[in-house]
Amino acid sequence: RGVWGLLTLDLGTSLQDGRPVIDLIKATFPVSLVLVVSSTFFAVVFGMSLGSVAAIKHNSKSDWFATILATLGISTPVFVSGTFLIYFFCIELRWVPATGYVPLSEDPEAFLKRLILPMLTIGFAHGAEIARMTRSCLLETLKKDYMTTARSKGLRERTVLIQHGLRTALIPVVAMIGI
């Protein structure tokens, strides 16, 4: 089959149950898509929030905490943080089940309970990268002359940060998220 099989989506049959591999992929793709979208959403919200707070409160306890949290997220392998979350939330606290999938249409609560840990595990790792990039880009932007000019015009600090700072600083962050 080789490359031609890949190009024509003829991926052969599963060695486990003899079904066509493309059918197995079609069956699990919606679940994977939900996980990717939800973990990306969490990563963006978490990362941009954490990075923005760290940059705005530069050299404070908030910056220190955010930097440590982001460093932990980047340096901890996903299988380690996932195992820790399963142990703590599934085994010790018994808040969520450790495995399984329930479609949203069947039981929304069970769906969310089974989605939360994988979403947090993947989202935390990627969110930490986004946080570091957001912090770095925003700190660089805050040093620019046009930021000083915007402040000297009498604009509120919040307006300066959001309209002038974040808007410019997030261009490389959005590019990274796209990748």
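Helix H2 spans residues 21-56, and its end C-alpha atoms lie 50 Å apart. The expected span is 1.5 Å times one less than the number of residues. Helices are DSSP runs of H or I with at least four residues, numbered from the N terminus.

The model is predicted: local features need pLDDT of at least 70, side-chain atom pairs count only at pLDDT 80 or more, and totals for chains, interfaces and linings use all residues. Residues are numbered from 1 along each chain as its sequence is written, and side-chain values use heavy atoms, with hydrogens and water left out.

H2 carries a kink of about 40° at Thr-28, shortly before the proline Pro-30. The bend is the angle between axes fitted to the seven residues ending at a residue and the seven starting there. Buried residues of H2 include Ser-38, Ala-43, Phe-46, Met-48, Leu-50 and Ala-55. Buried means under 20% relative accessible area, exposed over 50%, and partly exposed in between (1.4 Å probe, protein chains only). The buried residues of H2 pack against helix H3 (61-75), H5 and helix H7 (157-178).

The axes of H2 and H7 come within 12 Å and cross at roughly 135°. H2 is therefore oblique to H7. On the H2 side, the contact is made by Val-44, Met-48, Ser-52 and Ile-56. H7 contributes Leu-161, Leu-166, Leu-170, Val-173, Val-174 and Ile-177. Contact means heavy atoms within 4.5 Å. Axes are lines fitted to C-alpha atoms, for helices over the stretch in contact, and angles run from 0 to 180 degrees between N-to-C directions. Angles under 35 degrees count as roughly parallel, over 145 as roughly antiparallel, 65 to 115 as roughly perpendicular and the rest as oblique.

Thr-168 also lies in H7. Thr-168 is partly exposed because its relative accessible area is 34%. Beyond residues up to four places away in sequence, Thr-168 touches Thr-141 and Tyr-146. Its C-alpha atom is separated by 31 Å from that of Val-78, 90 residues away along the chain.

Helix H4 (residues 78-92) has 15 residues. From first C-alpha to last, H4 reaches 20 Å, close to the 21 Å expected. Its buried residues are Ser-81, Gly-82, Leu-85 and Cys-90. These pack against helix H5 (108-142). Just after H4, Arg-94 takes a positive phi of about 55°.

Methods: Helices (H or I, at least four residues) and strands (E, at least two) are DSSP runs, numbered from the N terminus.
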